[in-house]
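Here's a quick walk through a protein model, written for someone who likes cut-offs spelled out. Have a look at the structure first, then read on.

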Amino acid sequence: MEVRDIFLAALLLLAGFLFFGRKRRYKRTSYYRMTRNPYRLTMEDKGRFGEYQIYKRLSAYEQDGGQFLFNCYLPGERGETTEIDVILIHKSGIYVFESKNYSGWIYGRESDRTWTQILRQKIRFPNPLRQNQLHVARVRKALGLRREAPVYSLVVFSDRCVLKKVRVERPDRQVTTWKRLKHAMRKFAKKQPYALEEADVQAYASQLYPCSQATRREKKKHIRDIQKRQKRRGWIRRFWE
């Protein structure tokens, strides 16, 4: 066997060792235990990978009594559901995350109806802060929270994004990236370090857990409802143009 073949074989063995090592560690995480998403699917799917990056960077909060929930389908007033990517319930408050695994430059203000993503062209997308405020409202209603109970909204973009002129005014909201997420969390956690009792953390997590275990049928209905709303908005927009 030539030296080159030996070298290639060693590289393949090393790659396999690293892959299976990461896979084993992944299967020990709360993200896997709760979602049951296969490792390869999580690594290859943009949406799931973005959620996992949020969990991975904040997993230390579990050691401090925090409870994560993923893909929670909370009911609305008209029979529709709202999907929330990640929720963290911790003694310092409840954190509601909207994951945006995007690339490019991002422009937007808290008051804007739409934001702009610039790659090779401009792409408009709904204001994620507004989107996440609906999520926050649904969490508050589902848990019956008092107005003073701290619930924070975080929109998290990938590190492939550059946040250009992204302006957030209210102190309970933040737009950040994966690498800046820990810093944003620390700022929120310092405000009321002991806002919730340990029993509250466990009770709220237990209350929301069933919403994170939606059936395939419920997920399909959620998608159909979104498509119907988009179609209705498109019809209304064409009507007024």
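Predicted model: local features only at pLDDT ≥ 70, side-chain atom pairs only at ≥ 80, totals over all residues.

## Helix 8 and its cover

Strand 1 (67-75), strand 2 (81-90), strand 3 (93-100) and helix 6 (128-143) are among the elements that cover the buried residues of helix 8. Contact here means heavy atoms within 4.5 Å, and buried means under 20% relative accessible area, with exposed over 50% and partly exposed in between (1.4 Å probe, protein chains only). Helices (H or I, at least four residues) and strands (E, at least two) are DSSP runs, numbered from the N terminus.

Which residues of helix 8 (residues 198-208) are buried? They're Val 201, Tyr 204, Ala 205 and Leu 208. These residues sit on the same side of helix 8 because they cover an arc of only 100° around the axis, the arc being that of the directions from the helix axis to the C-beta atoms. An α-helix has 3.6 residues a turn, so residues three or four places apart point the same way. On the face turned away from the buried side of helix 8 you'll find exposed Ala 199 and Ser 206.

Residues are numbered from 1 along each chain as its sequence is written, and side-chain values use heavy atoms, leaving out hydrogens and water.

pLDDT is the predictor's confidence in each residue, from 0 to 100. The chain has a mean pLDDT of 88, with 86% of its residues at 70 or more.

## Two positive phi values

Most residues other than glycine have a negative phi, and most peptide bonds are trans. Arg 36 has a positive phi, near 60°. Arg 36 lies in the loop between helix 2 (30-35) and helix 3, and is exposed at 52% relative accessible area.

Lys 165 also has a positive phi, near 55°. Lys 165 belongs to strand 8 (residues 161-167) and is exposed, with a relative accessible area of 62%.

## The second largest pocket

Helix 1 (3-27), helix 3 (39-44) and helix 4 (46-58) each supply at least two residues of the lining of this pocket. Helix 4 gives the most, with five residues.
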